Amino acid sequence: MTTIIGVLALLMGLLWIGQGTGYIHWPASSFMLDQRIWALWGTLLAVVGIVVIRIGRR
């Protein structure tokens, strides 16, 4: 269960990075598009996801 939560956090973080940097324009009406702060939050969430995945695999 912990690994699934970690994977979801990682994927959501990657989505936020893509939206914040402007590489992913989905959904088209998202307030997160081209907002660098969301790339920063996404990076933080992705790192947390990786840590949770590692904890879950022990």
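Predicted model: local features only at pLDDT ≥ 70, side-chain atom pairs only at ≥ 80, totals over all residues.

User: How much of the chain counts as buried?
Analyst: Of its 58 residues, 26% count as buried. The accessible surface comes to about 4200 Å², and 72% of that belongs to carbon and sulfur atoms.

User: What about contacts, what share joins residues at least 24 apart?
Analyst: That share is 44%, counted among contacts between residues at least 6 apart in sequence.

User: Switching topic: how many aromatic pairs does the structure hold?
Analyst: Two. In one of them, the ring centres of Trp16 and Trp38 are 5.4 Å apart and the planes sit at 80°, so this pair is edge-to-face. Planes over 60 degrees apart get that label. The pair links distant parts of the chain, since Trp16 is in helix H1 and Trp38 is in helix H2, 22 residues apart.

User: Which residue forms an aromatic pair with Phe31?
Analyst: Trp38 does, and that pair is edge-to-face too, at 5.8 Å centre to centre with 75° between the planes. Put together, the ring pairs link Trp16, Phe31 and Trp38 into a cluster.

User: Is Phe31 buried or exposed?
Analyst: Phe31 counts as exposed because its relative accessibility is 62%, and the cut-off for exposed is over 50%. Trp38 has 22% relative accessibility, so Trp38 counts as partly exposed.

User: Now Gln19. Where does Gln19 lie, and which residues does it touch?
Analyst: Gln19 lies in helix H1. Leaving out residues up to four places away in sequence, Gln19 touches Ile24, Trp26, Pro27, Ser30, Met32, Leu33, Asp34 and Gln35.

User: That's quite a list! Why does Gln19 count as buried?
Analyst: Because its relative accessible area is 4%, and buried means under 20%. The side chain of Gln19 also reaches the backbone oxygen of Trp26, at 2.3 Å.

User: Ser30 was in that list of contacts. Where is Ser30?
Analyst: Ser30 lies in the loop between helix H1 and helix H2. With a relative accessible area of 16%, Ser30 is buried.

User: Which backbone nitrogen lies 3.2 Å from a polar atom of the Ser30 side chain?
Analyst: The one of Met32. Met32 is also one of the residues that Gln19 touches.

User: Last one: what's going on with Val52?
Analyst: Val52 is in helix H2. At 21% relative accessibility, Val52 is partly exposed; the buried class needs a value under 20%. Not counting residues up to four places away in sequence, Val52 touches Thr2 and Gly6.

User: How far apart are the C-alpha atoms of Val52 and Ala39?
Analyst: They're separated by 20 Å, and the two residues are 13 apart along the chain.

Definitions and conventions. Residues numbered from 1 in each chain as written. Heavy atoms only, no water. Helix = DSSP H or I, 4+ residues; strand = E, 2+ residues; numbered from the N terminus. Buried < 20%, exposed > 50% of the residue type's maximum accessible area, 1.4 Å probe, protein only. Polar contact = N/O pair within 3.5 Å; in protein donor to acceptor, adjacent residues only side chain to side chain. Contact = heavy atoms within 4.5 Å. Areas by Shrake-Rupley, 256 points an atom, 1.4 Å probe, with all protein chains shown as cover. Phe/Tyr/Trp six-rings, centres within 6.5 Å; stacked < 30°, edge-to-face > 60°.
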